[in-house]
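Welcome, and please have your viewer ready.

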Amino acid sequence: MLTELRTERLLLRRLRPDDLPAVVQIQGDPAANRHNPIGTASPARIAQQLRCWIADWAEHGIGYWLVVDAVTEQAVGLGGLRPCEHDGAPALNMFYRFRPSAWGRGLALEMARAAVDWAEREGPGAPVVVVTTRDNLRSIRLAERLGFRRAGSDPFWLEFRRS
């Protein structure tokens with residue numbers, strides 16, 4: 001079972017209940033949620049999200065990670081792959097949200113590349129999808145840099161699938 005991945009600069013590890021303070025800081029940051037259509041979540045909602053994300057690991061053996069800077073050992077973001085249904089079929093939803101202080105350093109790309117590589121090498125065989133809002137240019141560029149191409153025709157969301 002996958003428990004963690006290491007990249008050049010990051011440790012990607014399973015979320016734990018004691019990660020709640022870091023998750024609240026990241027998920028509760030209005031700047032980090034600028035493109036989140038439901039806005040910034042309350043601490044209670046974030047605690048509920050964390051419980052669901054931890055349950056994904058128990059049920060599916062995959063889920064979102066706490067993204068930790070390997071040098072400073074500080075949490076810089078959240079991200080990874082979560083099982084979902086997309087267009088009526090099993091898929092893995094790619095998610096990434098980082099502290100604004102971590103932006104511009106390529107950390108989201110590094111995390112996402114490790115997740116996609118793992119999914120293609122050892123994953124459950126479901127396609128990885130990225131679904132984002134049309135105005136989230138950073139997310140769009142990241143998906144495109146990973147080799148994802150636009151798919152679907154939803155007027156609000158952009159869907160990306162790996163070529």
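Here is the tour, stop by stop.

This is a predicted model, in which local features need pLDDT of at least 70 and side-chain atom pairs count only at pLDDT 80 or more, while totals for chains, interfaces and linings use all residues. Residues are numbered from 1 along each chain as its sequence is written, and side-chain values use heavy atoms, leaving out hydrogens and water.

**Whole chain.** Follow the sequence and the order is β-β-α-α-β-β-β-α-β-α-β-β. The radius of gyration, taken over C-alpha atoms, is 15 Å, close to the 15 Å that the globule rule gives for 163 residues, so the chain is as compact as a globular protein of that length. That rule is 2.2 Å times the number of residues to the power 0.38.

**Two helices.** Next select α1 (residues 20-27) and α2, whose axes come within 10 Å and cross at roughly 120 degrees. Axes here are lines fitted to C-alpha atoms over the stretch in contact, with angles from 0 to 180 degrees between N-to-C directions. Show side chains for Leu20, Val23, Val24 and Gln27 of α1, and for Ile46, Ala47, Gln49, Leu50 and Trp53 of α2, which make the contact (heavy atoms within 4.5 Å).

**The largest pocket.** Now select Phe95, Tyr96, Arg97, Asn136 and Ser139, which lie nearest the centre of the largest pocket among its 43 lining residues. A pocket is an open set of points on a 1 Å grid over the protein atoms alone, where a 1.4 Å probe fits, with protein on both sides within 12 Å along at least five of seven lines; lining residues have an atom within 4 Å of a point. Finally, colour β5 (89-98), which gives the largest share of the lining, six residues.

Note on methods
Helices (H or I, at least four residues) and strands (E, at least two) are DSSP runs, numbered from the N terminus.
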